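The entries follow in the order in which I checked them.

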Amino acid sequence: MTILSIIVNTVYCVVLNLNIYTDRAMMPTGEVQEWHRSPITRLSIADQSFLIYLQIVLAAVSVITSVLFLFGVRNRMIRTIQLVSLIGSTIVFIIIMIVTSNSHAKYA
């Protein structure tokens, strides 16, 4: 469970940094401009950066408690914190993916 927690949070960070979205906008000259963006970039553009920070905090807590557990700290409280932060990190990741797929960039 501890190694799985570290791997899952690493995969979440990698996916959040991949350019998986394509944004297109009509320019004043009449041409269509195209950008390839990551979920993190899309959240920043849509002014929803708090989700990124929440994901980072939950992932960090999950990884730190996993490392503590691997180094021999066998405390029930550490295990509970690890489980809650892993579940929270997964939920926030899913929310980020839903929000970024439905968000549109604000251009001024």
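I count a contact when heavy atoms lie within 4.5 Å. The model is predicted, so I note the limits: local features need pLDDT of at least 70, side-chain atom pairs count only at pLDDT 80 or more, and totals for chains, interfaces and linings use all residues. Residues are numbered from 1 along each chain as its sequence is written, and side-chain values use heavy atoms, with hydrogens and water left out.

**Helix α4**

I take helices (H or I, at least four residues) and strands (E, at least two) as DSSP runs, numbered from the N terminus. Among the buried residues of α4 are I78, L86, V92, F93, I96 and T100.

I then checked the span, expected to be 1.5 Å times one less than the number of residues. The 27 residues of α4 should span 39 Å, and the end C-alpha atoms are 39 Å apart, which agrees. At the N-terminal end, N75 caps α4, with a side-chain oxygen 3.1 Å from the backbone nitrogen of M77.

**Aromatic pair**

I searched the whole structure and found one aromatic pair. Its rings belong to Y12 and F93; the centres are 4.3 Å apart and the planes at 15°, so I list the pair as stacked (centres within 6.5 Å, planes under 30 degrees apart). Y12 lies in α1 (residues 2-17) and F93 in α4 (residues 76-102), so the pair ties together parts 81 residues apart in sequence. Y12 and F93 are both buried.

**Helix α3**

I find 21 residues in α3, reaching 30 Å from first C-alpha to last, close to the 30 Å expected. Its buried residues, including L51, L58, T65 and F69, pack against α1, α2 and α4. After α3 comes G72, with a positive phi near 105°.

R74 lies over the face at 4.6 Å from the ring centre, and R79 lies over the face at 4.1 Å.

**R42**

Is R42 buried or exposed? I find R42, in helix α2, buried with a relative accessible area of 10%. Its side chain is joined to that of D23 by a polar contact of 2.8 Å.

Note on methods. Rings of Phe, Tyr and Trp (its six-membered ring) pair if their centres lie within 6.5 Å; planes under 30 degrees apart count as stacked, over 60 as edge-to-face and the rest as tilted. Buried means under 20% relative accessible area, exposed over 50%, partly exposed in between (1.4 Å probe, protein chains only). A charge sits over a ring if NZ of Lys or CZ of Arg is within 6 Å of the ring centre and within 35 degrees of the ring normal. A polar contact is a pair of N or O atoms within 3.5 Å; within protein, one must be able to donate a hydrogen and the other to accept it, and residues adjacent in sequence count only if both atoms are side-chain atoms.
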